[in-house]
Each structure stands twice: as C-alpha cells, then as structure tokens.
Amino acid sequence: MDPKLNHLLLRAGFGTQPKAISRLGWKSPADALPSLFRTDDFSITLPKGTGSDRSKVDKSKIREQTVAMNLEWLIGMAESKSPLQEKMCFFWHDHFGVKAKLPVLAAIHNNTLRKYALGKFGDLLHAVAKDPAMLLFLNNQQNKKSAPNENFARELFELFTLGEGHYTESDIKEAARAFTGWKTDRQGAFRFVRFQHDYGAKTVFGKRKNFTGEQVVDLVLQQPQTAKFIVDKIVDFMVGPQLDQAKRSDLYSSFRRSDLHIGKLLQEIFTSDWFYAQEHRAARIKSPIELLVSVCQAFDLKKDSGIGLLMAQRSLGQVLFAPPSVAGWPSERQWIDSSSLLYRQNLGFAVLLNRALKGIEKANFDAKVKGMDLPKGSKLFSASTRYWQGLSTAACSEILFAKPPSQQVLAQIDRAAGAESTPELMRLALLMALPEYQLC
Amino acid sequence: MERRTFLKRSALASTALMIPGFLQAQFKPLSQLGKRLIIIQLSGGNDGLNTVVPFRNDIYYRSRPVLGLKRDQLNAVTDAVGFHPAFKNMAKLYESGDLLTINGVGYPNPNRSHFRSMDIWHSASDSDKHLQSGWLGRYLDHQCAGSCGNPLAIEIDGSLSLALKGEEQKALAIRNVKQFNKMSKSRLNQFLLQQHEAEHHHDNHAYLYKTLRETVNAADYLESRLNRMPTHSQFPKTQLGRQLRTMTQMMSAGLDSSVYYTSMSGFDTHVNQKQLQQRLLSQVDEAVGVLVDTLKKENLWKDTAVMIFSEFGRRVVENGSQGTDHGSGNQVFLLSGGLKKQGFYNDLPDLSRLNDGDLAMQIDFRQIYTTLLKDWFNTDPSGIVPGRFEPLNIF
C-alpha cells in the first residue's frame, strides 16, 4: 500500500481496512481525495424519555443513554463512509469542550457539530453559540441584563476563536451583555428573552454600537486572529505542530479568502505536496479515541465489544461526550505515561486474544452498566480478523502503521508468533504492541 | 497569570528537560531529604461538615434535621468539635499530635462539577483557567531535569491522574507490582529496547521509546527491591487498605520515591448519606490508622506527610433524599510525625456567613501545595504552583 495514501487515511480518518483498499481500488491519495469530502447523513440518535426537564431526570436512564450514545458514535466513526466529517466532528467536540448533563442535549450538540464540521466556521460558530448544551454549560442561561454572566463570552474569545492575549477584559464584559437573554427552553430550543436582553451600546474590539449577540459573533469572525487561531489548531491536529510558519501563513490567507471555509482549508492541506513529506508522517500520537476507532475499524468491533471499549476509554483517559473541561482534552505526549503505554501495548492482546488487562485498567470502573452487564466468562471484545488472514506480516504493517517497522522487527514478530498456537492473531497483537502503533 | 507566561517562567522552558532520559539511566537517589508525601484523594466530594462536626452549633442541627450527628455519637476532640463516629483512629491521631485539620479549604469561584473541580485541584489552576499538567507532575519536571532515574512519584492505580502528569515527566502508576513487572518486561519490549540504543531525537517516536525504557527500568528497579518488601498483612482488605499497603511496602523497601498517590471513590452522597459515609469513612479511618502505626514502627513517620482531600464539600443544608448536594469549601487533613502545628490550623467555618448556601473559603488549597513544596520538600514553588500563595506555618 502506498504510504502516502495510508498517511492521508490515518489523518483524514482513522486508518483503513485491507478489504476497503482492495474494494475501492485506491492506489494513491488522488484516488481517495474526492470521496473524503463526501458528507454523510449519519447522526446520533436522539435519546427519548428523559426530556429536558431537570427536575424529572431518571439517573439510570441517563447512564444507559450515555453509554448507548458513546458506542453509537465510536462505532459510527469506525464505520463511517465519510470519515473526514467524523474526524472533524471529533475535532470540534474537543474544541468546544461541552459536557451536557442530559444525553438528548449532548446528541443535539453533536449533530450540530457534524452538520457544520466541513462547512464555514462562521456557520458552525453561530450554531454552536445558540446550541442548548452550550448555553447551559457556559451559564448563558443565567446571563441577564440585571446580572450579566461572562462565562460564554470569555470562552468564546479565549478558547473558541482568538486565544489568550487577543482581547481585553473589557471586551469580554461588553460582549457578555450582547448575549443577555439567550436561553434554551425545556425542549432544547433556542429562545430569545427580550426583557432580559441588554439593548444598550457596547464597545467590543474598539467598535461601539448596540450590538446583538449575533453581531458580536460576526465581529469576532472578522478578526484576523480568529482565522489564524483556527488554522493553527486544525494544522496541529491534521499535520502536526512541526509545520513551519511560512506554510501556515499561506493557509491563514486562503482561509480568510474562502470566508473561513473548513472543507476548503482541509482540501488545500491534503492536496499540497508538503503534507506527504516524511517529517509529517507518523509524527502525531493517537489520542485514545483515535486509537480505539482505528482498532474498531481494523477488527470490526461492534456493540458487543461495548464494555471493553468503555473500559478502554476510561483507562486511557478519554471518554466521548465527557471532555474534562471546556478547554477539551490534552494531546500528544500528555497521553503517554508508563501505565497508559502498557495499556496501549496490551490492547491488541485483549481485543484479539481475549487476554485480561488486569492490573493496568483504571480502578473503580463500574462495569455493571445498565443493560450491558457482562455475563461471567464472556469476552470484553469480539473481534473479526478475516480481512487480515492470508496477508503477510509486512502487508499488515503497511496498513496498520504510518511508518512500518524495520525488517528485523517484522522478522522477530514472525518468529515469536510462529511459536504460538494462533500465529495469525498473535502477529497482529504483537504489531499492535509496538510503540510505533501509537503514532499516526 | 496567563498560562503561556506561566509556562515560560517555569522550569518547563528549560532546555535541560529535553535531554532524553535514558542518557541518565543510572539510578540516583532523588529524595535527598528523605521526605515523603502521601496523598489520599476522596473522590465524589466528601461531606466535610459531617466529618468534623460543630456539635454546639444550632445552625448545624437546623440545616441537618435528618443527617445531623448528635454529640454523643461523635468522637469529641474539643469542647465544641467532634469527629465523625467512624473517625476513631483519626481522633486518636488528633490527641497524639499527628494530625492537623485545615478548615474551609477551597478556591475562588468554586466549580461544582466533580471532574472540573478535581482537575482544578490536580492542576492547581484558577477555576477559569485550564492547565493540562498537574502540580506534582510539574514538581517532577522541576526535580528531574532530563530524567529521574528511579520513579520519584508513584500512583497506586492502573492509570495515572492529572496531578502526576508534568509537561515532560510523568509519574508511575502501578496497581500491582508483579503484574506491572510482567507486562513491562515482556520479551517484545526487551527486544525492542535492544534495537533502540539511545536515540537523540526529540520527536514523538523517541518519546515513546523513552517512556518504554523508563517503564522497563522502573520494573527492574522494583524487582530488585521486591524481596525487601515486607508483607504488611495488618492492613485492612479494602481497596484503600490494599493501596496503602502497597505504598507502605515500597517505602519500607527503601524506594527512592517521595510522592505516593492514591484515591478512593464513592463520596458523592446525594442519597442515604448516613450509612454510606459511615462505611466510607470507616474504611479511611481503619486504613489510615494502620498506615500511621506501620510507618511509626518502621521509623518513617517523622519524614512522612499525608494529605487527605476531596474535590469539594457539600451544601450546608441537607437535601430531601437523606443526602447532601455538591457544595464548596472543605477541610483538608494533614498527618505527619513532623508537624509543628497540630490540632486545628484555623476555626471551623462560620455557618452564619454562608456564600449562597455554601461554606466560605478560608484557605486556598494552593497555599497548602505551596507549603508542602516549600517547607516539606524544600523546593521553590514558583513554576510549579501558578501565582503566589502565602504558605501556612505548619512544618
């Protein structure tokens, strides 16, 4: 397999399967590119029955729905026909860092991210600003003319668009007034409460007018720093922090020319020559979700691997729909320490050979997730390896790795696997135990 | 201080940190002063008001008609304050001068989400700032320019908490020493490390191999000390008991590690708090009692400090389900054979002056971190704890 093609598929999605490559007949990045930008009609099923009325929430039902949504998305990412859309949806999930108390609001939020994931950043930002989960999460529900709450305005500038140092405290105070009266009702719909809105003049980024919330979002979208901030974050994620400033600057300009069009920015990155340079391949460390989705995809893991997949998310520190704060998850090296590396190395043995992860999983994991109780003696994971059978170890490694390991290492793996009762499975597990498997 | 400025000013910007660890693979003693810190995290938000009880306070009993603990149930330590009925050993430790209770510990603009508040405690950030490294992790960064030959900090769990993740250095998380050794010293890993002699790159690939080498080195080191680890079978067979047992075995075996971290969950007592908290605090009390006894016998107590904390306290007024909801402000317990200040550091929170139904903050938790770094570990807290906090006069 062409290593450039694999690099593209690992970054624009979560990798690939041997069967997909042969079925689609892709030989190079150019073959894959057109279908990458396709958008899918996949969406998270809206959970029913808990409503948005906080006084009547049934905790066990919430837990059940949270688990179902988690797996629906995780497996949805692995099976998606438009992996780039899912990958960017995951990127925005981290960028906006919203944790919703009610599953139905988390699902609405997630579907909003997906809808605009490859479109114009402005459309995404306007939609997210009025999203019920966001309004609740950043206390805009409490933002009234009589008592402004700055939480949303602060994070809008600090984390979503500009970054620290590119706005003043006064910009935040004034902008917060423009969002007064923005609320969500109990059904999760946006509601503008006129009598709580501050219609007075506000000074934001040196301009004075009786701005509305929408106009403040437009103002921040016009700031050149917003284009820069978003491009840098997408580039770090898709290419890596090592990309030089000159290339970044070109991207800032074209992103602004395209009216902050995310899909066009990605198109420009993936069609450039420099994206495929050696220095960018295998340069990133997979986040736990990127790792788990690629494992789901490689070995066709479905809902019956749910408990294993939930435990792995918890043990590795990244649970879908539960970012640690509005700033999202850590990245790259922050994911790797002795215990997480051991867990990652042993994941293949657990998935393929049903070996226990005893002693390295997170303590206090409540495996008795409602409706998913694990019968005694049953497996944590149910993997299928049929697509990998008959392939040489080298051929497997070309698909599993952004940069395949050396001949010596492959030979050692063949020797070690050959001595086992299930060499076909063992060599895959051993390949996944190589530190290089953690790179993408 | 802004995050970026803070990181620049801290030791993290030092190029010395970029030296790969395996260049300094030789073991060296790092806890030169021999001081050790044990942290016991009570996850879920322990109800501090029912842990240290003002039994002469009418507001307390009015706020807690169902959950209020009667004077005769409590382990009275002063003529107005009693410890929870389960805190028998803790009351004895109060008497013997091995315990200091710091009341009303919190941070400005408290957050009531478990995860977020715990992250604030772990990272030592302001509640509206987001740091992705932990305070003890940054202590490791500061102590181990390049590498800590032997693990300086160990968490007794299968995965590592944010508190122990630095920008460069990470502590070791071990739930079971034998299991850890077996997994890290797999034949594949031994083979891979032979293939990868010292790499001089600083990319992620090299970082993975650096971590792998440190893991295997740590396993070697632990293995070399295994036969020196006493069984310490006196510890209770609870999860916390087993965790404290493991760390005491490590300390008895003379490990160089100076920070030991452990956590216990279940303190989120929204319903039926009485039974639940009784069970949980008994587990804490029994395990801590044995811990202190053992360390005293091993002659390690005067160089050990134990900090017990929870991410927040609970609301003063009980809820309608015989429980309490998320609040703010809580006590922190410090135990040590080296305490200069014993008993109570400050007065119990004033129940007549609440902040929106919550206890007012008297002490910022980062003052305690600053004290532990400065006066216990003899380390400059700048670059480890963002901002400046007045240390407490404790040690």
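This is a predicted model: local features need pLDDT of at least 70, side-chain atom pairs count only at pLDDT 80 or more; totals for chains, interfaces and linings use all residues.
View 1. With a relative accessible area of 0%, Asn143(A) is buried. Leaving aside residues up to four places away in sequence, Asn143(A) touches Pro148(A), Asn149(A), Ala176(A), Phe179(A), Thr180(A) and Gly181(A).

**View 2. The interface of chain A and chain B.** Here we turn to the meeting of the two chains. Chain A brings 49 residues to the contact, and chain B brings 47 residues. Between chain A and chain B, about 4,100 Å² is buried, and carbon and sulfur atoms give 51% of that area.

**View 3. Polar pairs across the interface.** Which kinds of pairing does the rule find here? Across the interface of chain A and chain B there are 13 residue pairs in polar contact, both residues at pLDDT 80 or more, while the count of salt bridges is zero.

**View 4. The side of chain A that touches chain B.** Four helices of chain A each supply at least two residues of this side: helix H9 (151-161), helix H17 (338-353), helix H19 (407-418) and helix H20 (423-433). The largest share, six residues, comes from H17(A). By residue class, the side of chain A that touches chain B holds 21 nonpolar, 14 polar and 14 charged residues.

Notes. Residues are numbered from 1 along each chain as its sequence is written. Chains are lettered from A and ligands numbered from 1 in the order in which they are written. Side-chain values use heavy atoms; hydrogens and water are left out. Contact means heavy atoms within 4.5 Å. Buried area is the accessible area (1.4 Å probe) that two parts lose on being put together, summed over both. A salt bridge is a side-chain nitrogen of Lys or Arg within 4 Å of a carboxyl oxygen of Asp or Glu. A polar contact is a pair of N or O atoms within 3.5 Å; within protein, one must be able to donate a hydrogen and the other to accept it, and residues adjacent in sequence count only if both atoms are side-chain atoms. Ala, Val, Leu, Ile, Met, Phe, Trp, Tyr, Cys and Pro count as nonpolar, Asp, Glu, Lys and Arg as charged, and the others, Gly among them, as polar. Buried means under 20% relative accessible area, exposed over 50%, partly exposed in between (1.4 Å probe, protein chains only).
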